[in-house]
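Please walk me through this structure in plain paragraphs.

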Amino acid sequence: MIPLDTRPLFPRERRELISLLESLEPADWARPTVCPGWAVRDIAAHILNDYLRRLSGSRDGHPGAVFADGETLPAYLARTNEQFVAALRQCSPRTMTDLLAHLGPQLDEVWAATDLVGPAHLNVSWAGGATSPAWLDIARDYTEFWVHQQQIRDAVARPGADDAELLRPVVVAFLHALPAALRDHPRPPGAAVLIEVTGAAGGTWAVVSDGAAWDLTAAGTDAAAAVVRMAADTVWRLGSRGITVEQARRRCELEGDHELTAAATTLLAVVA
């Protein structure tokens, strides 16, 4: 894994979000988004739900989650997310924006007091491990907020908040889903899949096999069994399923071991 400290970026990402929301016209809040059945206002409500759950759980120790009989984590999240969004439709855009601006700094304080190398408050299931370090848990939340802001921007045709400083940590965090994507495709120790992400937010990474599992490293390799080359925009849209695997592959340059390139381009960095 590649340790990542996203804590300094939360205030700036949130300022960009609040500025965006305050600039929207009433009709903009009703515009449909890439999230099925959700308008712009619903994504804003969902971000607020994330703030409230994190403060309640990670700061206050409130258990919160109550699963229905036999309910899986994805089913639980889908149900409770929809319930919260439906309830918040009674709130005005101004009220939701004010709540985001008020609660965000409190969440920043939670992260500032967190030991980055300690255990995560919530395991990052899509990274594939039984446990996660706190820094990955925090980075996962950063990607959640950033991606949802971009979904709102897409819906209202207001690009922004996507410069390298804000986008690159999303790319790096999402690439931590690659070992899980490759786990059913063992290769001899030292075999590597080279990931080249183009653009200012990009770079080169390698996912290296130890014979039984894969690990993401910052260093490249001269002996890659496969190469996947794609833009940063493709990484985050694929990882959040804003585009399909097939659409992502059409945007990529794929070389070498076909099985490995096919697996790598199933990268999924959300609970589904």
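Helix α5 (residues 134-156) passes α6 (164-175) in a left-handed crossing. A crossing is left-handed if the near helix is turned anticlockwise from the far one by less than a right angle, and right-handed if clockwise. Helices here are DSSP runs (H or I, at least four residues), as are strands (E, at least two), and they are numbered from the N terminus. This is a predicted model, in which local features need pLDDT of at least 70 and side-chain atom pairs count only at pLDDT 80 or more, while totals for chains, interfaces and linings use all residues. Residues are numbered from 1 along each chain as its sequence is written, and side-chain values use heavy atoms, with hydrogens and water left out.

The axes of α5 and α6 are 9 Å apart, and the two helices pack at an angle of about 125°. Axes are lines fitted to C-alpha atoms, for helices over the stretch in contact, and angles run from 0 to 180 degrees between N-to-C directions. The pair α5 and α6 is therefore oblique; angles under 35 degrees count as roughly parallel, over 145 as roughly antiparallel, 65 to 115 as roughly perpendicular and the rest as oblique. On the α5 side, Ala139, Tyr142, Thr143, Trp146 and Val147 meet Leu166, Leu167, Pro169, Val170, Ala173 and Phe174 of α6. This contact of α5 with α6 has 10 nonpolar residues, 1 polar residue and no charged residues. Contact means heavy atoms within 4.5 Å. For the classes, Ala, Val, Leu, Ile, Met, Phe, Trp, Tyr, Cys and Pro count as nonpolar, Asp, Glu, Lys and Arg as charged, and the others, Gly among them, as polar.

Glutamine 150 also belongs to α5. Its relative accessibility is 4%, so glutamine 150 counts as buried; buried means under 20% relative accessible area, exposed over 50%, and partly exposed in between (1.4 Å probe, protein chains only). Apart from neighbours within four places in sequence, glutamine 150 is in contact with Gly160, Ala161, Asp162 and Trp236.

Another partner of glutamine 150, Trp236, is among the buried residues of α8. Helix α8 (residues 232-239) is mostly covered, with 7 of its 8 residues buried. Those buried residues pack against α5, α6, β1 (192-198), β4 (226-231) and α9 (245-251). Arginine 241 is in the loop between α8 and α9. Its phi is near 60°, again a positive value in a residue other than glycine, and at 32% relative accessibility arginine 241 counts as partly exposed.

Two further loop positions can be set side by side. Alanine 177 lies in the loop between α6 and α7 (178-182) and is buried, with a relative accessible area of 2%. Beyond its neighbours within four places in sequence, alanine 177 is in contact with Trp126, Leu267, Leu268 and Ala269. Aspartate 222 is in the loop between β3 (214-217) and β4, and is exposed at a relative accessible area of 87%.

Helix α2 (residues 40-59) takes part in two helix pairs described here. With helix α3 (residues 73-88), the axes come within 9 Å and cross at roughly 115°. That makes α2 roughly perpendicular to α3, and the crossing is right-handed. The contact of α2 with α3 has 7 nonpolar, 4 polar and 3 charged residues.

With helix α4 (residues 93-112), the axes of α2 come within 9 Å and cross at roughly 35°. Here the crossing is left-handed. Among the α2 residues that meet α4 are Ala44, Ile47 and Tyr51, and the α4 side includes Met96, Leu103 and Trp111. The contact of α2 with α4 divides into 15 nonpolar, 3 polar and 3 charged residues.

At the level of the whole chain, the protein is divided into domain 1 (9-161) and domain 2 (176-265), with bounds that come from an automatic or database domain assignment. The centres of the domains, taken over C-alpha atoms, are separated by 27 Å. Their contact takes 10 residues from domain 1 and 8 residues from domain 2.
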